[in-house]
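Dear colleague,

Please find below the structure that I am handing over to you. My notes on what was found in it follow directly after it.

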Amino acid sequence: MKYSVFAAAVLGASAAYADTPELTVYTYDSFVSDWGPGPAVEKAFEAQCGCDLKLVGAGDGAALLARVKLEGARSDADVVLGLDTNLTAAAAATGLFAEHGATADYSLPLAWEDATFAPYDWGYFAFVHNADAVAVPTDFKALAASDMKIVIQDPRSSTPGLGLLMWVKAAYGDEAPAVWADLADNVVTVTKGWSEAYGLFLDGEADMVLSYTTSPAYHLIAEDDATKAAAAFDEGHYMQVEVAGILAASDQPELARDFMQFMVSEEFQSVIPTTNWMYPSVTPASGLPEGFETLITPVKSLLLPATEAAALRDSALGEWLDALSR
Amino acid sequence: MARRAEPISALPGAGAALIVAALILGTLAAVALRAEAGRGFAASDWAALRFTLTQAVLSAIMSVGLAIGLARALARRRFLGRSALITLLGAPFILPVIVAILGLLTVFGRAGWISQVLMFFGLEPLQIYGLHGVVLAHVFFNLPLATRLILQGWQEIPAERFRLAAQVNAGPGAMWQLLEAPMLKRVVPGALAVVFAICLSSFAVALTLGGGPRATTIELAIYQAFRFDFDLGRAALLSALQLGLTGSAAFVALRVSDSEGVGAGLDRVLRRWDGDNHLARGLDTAWIVCAALFLILPLAAVVVAGISGLFLLNAGVWMAALTSVLVSALSTLLLLCLALPMAAAVATRRSTLIEVAGILGLAASPLVIGTGLFIVIYPFADPFALALPVTALVNAVMALPFALRILVPRAREVMMRYGRLSLSLNMAGGPFLWRVFLPRMRAQIGFAAGLAAALSMGDLGVITLFADPDVATLPLQVYRLMGAYQMEAAAGAALLLLVLSMGAFWILDRGGRWHAEA
């Protein structure tokens, strides 16, 4: 018996669960919050699996991976949900993950061939600005030449920050250091994570913030506020594909595979756009919610293959540090 | 070795110190042992070390320097709202960093209140990002704490001394030289060490207001080693470096602080006769008004931003609030169990090692402690089930340095004034503790407990590693709300947090000061 079940039984909190199989999914904090997809996903899956789905928030994507490495093969987790393609190479290298077996007709802008990790949503990084801003730059060079002030996230502590590094690298390759050197005077500040950066932007500390093309949809749909927009960049936009995988040491492998298939089903996918504010990896039959049609569609989708992203990370980070430390 | 005659034994204190040291060093060792060969020190780590030291030294000097002036003004003046102001002084310290930063930026930012006034007059907006921004924020966080620590020093000078000085017509200069300067010599090094150590492990403040990678601190390097590289060896190495720095700073500070007490008095209400002229009154008023504005405006910004969000709070936030209150209560209790014996032990035998053990909590990275505990607990029990007690314990250890700075000077004084007398009356052990020691420590115990409760309420450290969606604490909930774009609700939850922390601080601090007037 698992320790967590044991502890729960001892505490008298949920003795009834001891008979029901339990599927533990590690994910990031915002997924499990009351406003995230967690509550709806849990309800829908429990209705069909005859099990107890336990969603556990463990910081952000990178923290999730660290957590799994820390626990190793003895982890209580059966599924890890919330890594992105910048992390999957490192995750696969741990040897802790098994094949997921889920199949779906993905609506991603690229073909999905990873047998270890399955995508549940995706989005484009973009600089979000106030809709009434004038002379919004249309590429990184124009941004660097303008006096627009931006807030970005530190690639050493956040996944969007790392995504921006990869974006510039994918768009400019060896020219990336020069682009960063020109951008340096536009960067008001660098924050630890997305929340801090977005908060600064909303407080008026910067003209633009690194976020997602889908961020304006939140303001539009949930707050009926059309004052935010994302800048379309001609170089294309780097994608973040969020994925989940099954841990090889899971004691509920079948339930875990059921969950992975559920993850790409209509019920899961239809809650993603207005709870996680990303694009679903399989567009629901009902289509995207009203408001998503107002979002920009990048002319080009950029995404470095997982192994390449992992190989480039250290050198790209070094270039970024060099350019911004001057 | 012959036992020195003391009314209470130092053994429990030494035991508590041992527990604390084992917790901090043991978790560090657990992390180091789990490590595979890491990549060691990089050039960027040295740059991080330099920046960390520079900002910590500047922040400590600025905070304590300003605190001396403010504490003196507060010690000399009695005015309406004085005690409310002193309570409010506890506030910046306990806010989640991001909330405090947003509050500061609402006042000092590019689009902030001051910048708007400047721009109205055609001037450039304030430029807050950079080293000066980091120091500004650290002064905002630490000036209140330093002020309270130094104010305690002023209050420990017996009122009879000032009465006597006034009787022999000693002017402000003489009073300074005879009474105040020696007291400062005793209190200031400790305050400097505490603020220095707090700023040493600064991470989110330094990063956000530092303006970019130039403002990298060791704590960020530790964070990166964990989160992205999972290089436990490097994390442990950097963490040991941070501990070493704080440990030596603490050691130096404790060595130079003079432990001589100021002599016995009858615990009378303090009155000052030296500040009764226009110049002194004007100067003190200026100090108090400026400091109050500096501290209260950003808090007001937090309140303004949060009020409408209060109506958006749902059951999850209230549950998180309840959890935070419970953790905070447990943490305060644990803190007192550790700090009181340690303070008594330090007071009886000047054991610097015990004090250093107490101050280590400041420099230990919560991430390292959390990970270490995770490694240690994991083979035996479910870390989730222990999330709350572990968080409470770590918070208690983190608050210990502050508690000791508050408790130790007073404990020394009580021991010096009443120790021999009590022994000659054959009053040692329990009776001394209950009848002499604890009653005289009451104000300091209240202050320390209030600070610990408030700190624990606002802490977002270990919980992130152990958290389970059902046991979110309020600061964690603030971050989760922000991550889900619920900025207004997050502001409301932050305001709730501010109110709860201030409430906990006020109740405990007030309870301890039932007869004092500070």
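Chain B of this predicted model contains 21 helices and zero strands, where helices (H or I, at least four residues) and strands (E, at least two) are DSSP runs numbered from the N terminus. Its radius of gyration is 23 Å, close to the 24 Å that the globule rule gives for 518 residues, so chain B is as compact as a globular protein of that length. The radius is taken over C-alpha atoms, and the rule is 2.2 Å times the number of residues to the power 0.38.

Two remarks on conventions apply throughout. Residues are numbered from 1 along each chain as its sequence is written, and chains are lettered from A and ligands numbered from 1 in the order in which they are written. As the model is predicted, local features need pLDDT of at least 70 and side-chain atom pairs count only at pLDDT 80 or more, while totals for chains, interfaces and linings use all residues; side-chain values use heavy atoms, with hydrogens and water left out.

Chain B as a whole

Along the principal axes, the C-alpha atoms of chain B fill a box of roughly 70 × 65 × 50 Å. Of its 518 residues, 61% are buried; buried means under 20% relative accessible area, exposed over 50%, and partly exposed in between (1.4 Å probe, protein chains only). Among contacts (heavy atoms within 4.5 Å) between residues at least 6 apart in the sequence of chain B, 84% join residues at least 24 apart. Chain B exposes about 19800 Å², and carbon and sulfur atoms supply 69% of that area. Accessible areas come from the Shrake-Rupley method with a 1.4 Å probe; for residues, only the protein chains shown count as cover.

The side chains of chain B include 37 positive and 25 negative ones, and the centres of the two sets lie 9 Å apart. Lys and Arg count as positive and Asp and Glu as negative, without His and the chain ends; the place of a charge is NZ of Lys, CZ of Arg, CG of Asp or CD of Glu.

Individual residues of chain B

Ala197(B) belongs to helix H8 (residues 172–200) of chain B and is buried, with a relative accessible area of 0%. Leaving aside residues up to four places away in sequence, Ala197(B) touches Thr246(B) and Leu362(B). Its C-alpha atom is separated by 17 Å from that of Ala67(B), 130 residues apart along the chain.

Val346(B) lies in helix H13 (residues 315–349) of chain B and is likewise buried, with a relative accessible area of 0%. Among the residues that Val346(B) touches, not counting those up to four places away in sequence, are Glu355(B), Val408(B) and Arg412(B). The C-alpha atoms of Thr391(B) and Ser331(B), 60 residues apart along the chain, are separated by 8.0 Å.

Chain A as a whole

Chain A has 14 helices and 12 strands. With 326 residues, a compact globule would have a radius of gyration near 20 Å, and the 20 Å of chain A agrees with this. The C-alpha atoms of chain A fill a box of roughly 65 × 40 × 40 Å along the principal axes. Buried residues account for 60% of the 326 residues. Of the contacts in chain A between residues at least 6 apart in sequence, 77% join residues at least 24 apart.

Chain A carries 16 positive and 46 negative side chains, and the centres of the two sets lie 8 Å apart.

Backbone angles in chain A

Most residues other than glycine have a negative phi. Asp224(A) has a positive phi of about 55° although it is not a glycine. This residue, Asp224(A), is placed in the loop between helix H10 (215–223) and strand S9 (228–230) of chain A, and at 70% relative accessibility it counts as exposed. Trp277(A), not a glycine either, has a positive phi of about 55°. The loop that holds Trp277(A) runs between helix H13 (272–275) and strand S11 (279–280) of chain A, and Trp277(A) is buried, with a relative accessible area of 6%.

The interface between the chains

The contact takes 63 residues from chain A and 55 residues from chain B. The area buried between the two chains is about 5200 Å², of which carbon and sulfur atoms give 60%; buried area is the accessible area (1.4 Å probe) that two parts lose on being put together, summed over both. Trp35(A), Leu70(A) and Arg156(A) supply 16% of the area that chain A buries against chain B, more than any other three residues.

With kind regards
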